[in-house]
Amino acid sequence: MAIAEATPSVVAGAPLEPPARTWLRRLGIIVPAALIALVVLACFLGPLVLPIPEPTGGNILEAYLPAFSPGHILGTDPNGNDILSRILYGGRNSLIVAVGVTVVGQTIGGTFGALSAYFGGAADTLIMRVFDVFIAFPALVLIIAVAQSLGPSVTTAILALSFFGIPAVARVSRAATLSLREQPFMTAAKLCGTPWWRVLLRHIAPNIAPQLITFAMLGMGLIIVLEGALSFLGLGIPPPAPSWGNMIAEGQASLSATPMLVIWPSLALFITVLSFNLLGESLRSLWSAR
Amino acid sequence: MTAVAERQGYRGAWTQALRSPVSRLVVKRLLLAIPIMLGVTILSFWVVSLIPGNAAQALLGPEATPDQIHTMELQLGLDKPAYERYLDWLGHAVRGDLGTSPVSGQPVTPQLIDGLAVTSELLGLALIGALVLAVPVALGAAHRPGGLFDRLSIFVSMIGLSVANYVLALVLVLVFSVKLAMLPAIGFVPLSESVSGNLKSLILPAIAIGFPLFSIYTRFLRGDLVDQQQSQDYVVTAQAKGVDPWRVLVRHTLRNSSFGLIAVVGLNLGVLIGVTVIIEQIFALPGLGRLLLQAVSARDMVVIQACVVVFAVVTVLGNLAADLLQTVLDPRIRYGDR
Amino acid sequence: MTPAAALQSGLLLEVRDLRVTFTRGGRRVHAVNGLSYDLDEGELLAIIGESGSGKTVGARTLMGLLPPSARVSGSARFDGTELVGMPEPQIRHWRGSEIAMVFQDPTRSLNPTMRIGRQITEAIRQHSELDRDAAKERAIELLKLVHLPAAERRFYEYPHQMSGGMRQRVVIAIALAGEPRLLIADEATSALDVTTQAQIMALLLELQERLGMAIILISHDLGLAASYAQNVVVMYAGRAVEYATARQLFAGVRMPYTRALLGAIPQLERPSHGQLPVITGQPPDPAALPEGCPFRPRCDLATDKCAESPPFLEHEPGHWWACWNAAAVPAVVGDDVDDDGVRS
């Protein structure tokens with residue numbers, strides 16, 4: 001025979017990354033990550049560090065103040081509450097819910113998906129059928145029903161959104177694990193008699209982590225939007241506690257007179273979601289390029 | 001060879017398609033949808049039964065005497081065990097009777113049909129609009145990956161993915177209703193009353209739903225097209241025939257990407273239907289979503305139950321339709337890939 | 001200066017110092033780095049090299065099927081017309097009608113969602129004024145020409161309903177649709193099993209004879225090339241390193257790399273149970289080619305002189321090579337393959 005030839009590649013790959021590309025790639029991660037860090041810091045540390053009034057219990061005499069009023073940089077809402085303060089405190093709730101749902105979804109959904117793929121057979125069929133039912137269920141309708149039955153609160157929002165998050169993560173994790181299952185190192189691990197939980201933790205988890213983390217980033221954006229929708233409908237964070245969703249809903253009533261009441265929380269929502277989406281996208285292209 | 005022979009050839013292929021795996025696959029998919037539908041109804045029944053508080057009490061108000069509440073409970077069948085109530089409900093539901101609202105005293109089914117008509121018109125407009133725009137934009141972007149148009153399409157679709165529907169809806173209202181006074185902010189004009197009025201009342205909500213949808217489709221299709229153009233040898237074969245690049249893109253690449261796009265449309269239906277709830281609320285459209293939210297605030301369990309089930313069934317059916325369409329259109333599935 | 005083959009009449013393709021570079025991740029990659037050969041009408045030429053040696057890129061350049069970042073210099077004259085630098089709309093008319101190509105993997109080179117009939121008629125109608133019916137008739141004719149059994153029925157089938165060998169016949173039929181004068185077969189048999197390989201090879205030879213078509217056979221398999229081709233170009237790291245008739249090559253190989261390739265062909269005369277010889281080391285990174293002769297790091301005959309790039313010249317009539325130490329290259333006959341760029 002002759003020299004082995006694996007692929008008819010046009011040109012042999014150049015292993016080194018060019019400086020320009022690397023920088024673009026890094027920027028694609030650094031910029032959204034920095035934005036997210038900024039939002040998190042502002043929401044959690046901002047109210048402690050900056051001279052910002054409480055988000056509730058405002059003076060009704062100070063209602064509808066325009067932006068850049070003394071003491072109220074973004075103005076006040078119809079109840080005389082400081083808008084910036086409400087955005088920062090509302091952001092706390094959005095982020096807590098998003099992180100909560102992501103953690104619940106990733107651990108439960110991720111584990112079920114991986115186990116389902118790892119064991120296969122009847123267990124796999126059963127688990128995936130049950131999740132199919134959840135996925136077939138219109139997400140927001142399900143969330144509304146759950147939120148209604150549990151009564152509005154942060155915990156409710158996390159639980160309700162988890163109904164939607166768990167099956168979605170399970171699908172991703174199952175698909176990722178399935179592609180691993182036939183790999184030699186998995187067979188090797190099994191042949192060595194490694195117990196399943198060890199295979200799961202040592203061999204599967206590290207390998208499916210990139211896909212799950214990417215999905216988590218894209219998911220964070222979606223969860224923040226859905227949480228906003230719940231609060232917008234009055235089923236999420238109960239007023240007078242602030243959340244971006246209920247701020248937008250309150251602002252809707254006076255949209256024509258004071259559109260800024262809607263625009264400020266909308267901007268906060270948009271920038272946060274955009275940052276998560278951009279970060280997820282950059283991570284995806286980073287990992288798929290490998 | 002003549003045209004007749006050709007037609008016979010095609011007909012030969014058709015009969016083959018009818019007899020061969022395709023029909024079996026369709027039947028299999030249909031059968032598979034049944035347990036999912038049943039599961040969906042059980043889930044919705046369970047979720048609705050979770051809603052706390054006494055439904056009879058909620059209906060009668062705080063002044064009701066225990067006797068009145070008890071009579072009402074009997075009337076609503078709340079004394080029976082859950083599975084019995086479910087089977088009872090299912091028995092009526094398969095016959096098209098979704099019960100009578102204890103709040104309004106009206107039968108639910110006609111209300112649902114009215115609401116479904118509005119919701120489907122809205123969804124249809126948004127879906128078709130999004131697809132009609134997404135396909136040419138994705139083609140234009142994939143024609144020159146990395147080009148100006150491609151970058152622009154990536155930028156726009158990233159915005160579409162990140163803007164919440166309800167925010168977009170309010171921005172649209174602010175611009176087109178409040179500032180420009182071109183379109184109504186709320187309300188619905190039935191098609192039977194005025195065609196232009198109907199379109200005007202639906203255009204903003206359809207954009208609010210359709211733009212993010214357009215972004216999802218564009219991103220997927222553009223990505224898939226570029227992937228195939230760069231990695232698939234059959235694209236090179238087509239180019240090597242001397243076929244011009246646009247034709248290769250449309251006839252070969254788009255053809256194969258369209259199957260994936262159909263799947264994406266199907267998978268997104270669940271999210272999409274949820275979105276209509278909030279959009280109908282904002283624009284005060286008398287659709288299913290609004291019916292659901294009104295029922296939720298009135299604690300009208302029968303209507304909630306019916307709405308949830310209809311939403312779920314529509315989602316399952318939509319998914320099924322996408323699945324079947326793919327099965328019928330994609331020859332790799334149709335003839336069973338070896 | 002011209003190779004011996006060019007002195008004969010009917011020169012079809014004249015490639016001179018062809019160079020192709022890509023931008024790959026910001027760096028210039030030298031995929032083809034000086035390639036010259038001639039091709040007569042109806043000739044079968046083999047281009048041999050490892051993956052990454054630039055043989056496929058060199059061939060795709062003739063078709064204008066390179067990624068947008070490719071920069072081409074040098075010359076490739078097809079029947080007197082310069083192909084290098086020809087604008088895309090113009091070269092598109094040449095594709096299929098003058099030069100056609102068959103690719104390695106028939107499974108991947110056919111569109112899985114299109115009936116094969118349409119994939120052929122598309123090519124036919126691109127290059128002729130035939131209507132649907134006539135194109136169909138012609139397509140079935142082509143399918144019969146490539147010996148596809150039950151051609152009328154196969155016309156309506158999808159690629160996945162066929163075996164690999166049948167698919168490759170279809171791909172060849174597509175390539176023949178425009179009645180090209182040159183067929184480039186890029187590893188056309190590599191993805192097939194051995195029996196099918198021989199059948200497809202036989203088909204290509206038959207077509208070459210019947211249609212008077214020239215064929216460029218691109219392969220990593222020098223044994224295959226040597227048994228069918230009239231002339232052989234050996235490529236290494238993007239450049240031609242030896243070019244001769246198949247006979248000349250076996251009679252007196254002049255380039256250590258070619259010698260190593262020939263040594264790597266298993267032969268019956270070798271003692272059984274002996275290890276198969278391999279060429280040590282890796283081909284160089286086309287983005288970072290070494291100074292001088294690119295084969296130097298792997299060559300056992302390398303001297304200090306090799307730090308300077310050896311010119312590719314016609315040292316003997318019809319026999320070109322690029323090596324300073326050609327005289328030291330031992331002949332193939334004889335069994336001592338152990339000390340010349342080949343390790344057993």
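C:Asp17 counts as partly exposed because it has 16 C-beta neighbours inside 10 Å, a count between the 12 or fewer of an exposed residue and the 20 or more of a buried one. C:Asp17 sits in strand E1 (residues 11-24) of chain C, and its phi is positive, near 50 degrees, although the residue is not glycine. C:Glu187 is another non-glycine residue with a positive phi, here about 55 degrees. This one is found in the loop that runs between E7 and helix H9 (194-211) of chain C. C:Glu187 has 21 C-beta neighbours inside 10 Å, so it counts as buried.

Please keep in mind that this is a predicted model. Its scores are ipTM 0.79 and pTM 0.80. For chain C the mean pLDDT is 81, with 88% of the residues at 70 or more. Among the elements of the chain, E7(C) has the highest mean pLDDT (91), while helix H1 (residues 4-7) has the lowest (42). The pLDDT is below 50 over residues 1-8 of chain C, a stretch with 17 contacts in the model beyond near neighbours in sequence. Residues 334-344 of chain C also have a pLDDT below 50, and there the model shows 30 such contacts.

Now for the sheet itself. Chain C contains 12 helices and 12 strands, and eight strands form an open sheet with mixed pairing, in the order E6-E7-E8-E3-E9-E10-E12-E11. Which strands stand at its edges? They are strand E6 (99-102) and strand E11 (313-316) of chain C; each has a single partner strand, so one side of each lacks a neighbour in the sheet. On average, neighbouring strands of this sheet are turned by 25 degrees against each other, direction ignored. As a reminder, strands of a sheet pair through backbone hydrogen bonds, either parallel or antiparallel.

We can follow part of that order strand by strand. Strand E7 (residues 182-186) and strand E8 (residues 214-219) of chain C run parallel and are joined by five bridges. Within this pair, C:Ala185 has C:Leu217 of E8(C) as its bridge partner. E8(C) also pairs with E3(C), in the parallel sense and over five bridges, and here C:Ile216 in E8(C) stands opposite C:Leu45. On its other listed pairing, E3(C) meets strand E9 (residues 231-236) of chain C over four bridges, again in the parallel sense. C:Val234 in E9(C) stands opposite C:Ile48.

Is strand E3 (residues 44-48) of chain C mostly covered or mostly open? Mostly covered: five of its five residues are buried. The burial holds for both faces of E3(C), with C:Leu44, C:Ala46 and C:Ile48 on one side and C:Leu45 and C:Ile47 on the other.

Stepping back to the whole chain, 50% of the 344 residues of chain C count as buried. Of the contacts in chain C with a separation of 6 or more, 68% are between residues 24 or more positions apart.

Technical notes: Residues numbered from 1 in each chain as written. Chains lettered and ligands numbered in written order. Predicted model: local features only at pLDDT ≥ 70, side-chain atom pairs only at ≥ 80, totals over all residues. Pairing = 2+ DSSP bridges. Helix = DSSP H or I, 4+ residues; strand = E, 2+ residues; numbered from the N terminus. Axes fitted to C-alpha atoms, helices over the stretch in contact; angles between N-to-C directions. Contact = placed C-beta atoms within 7 Å. pLDDT = per-residue confidence, 0-100.
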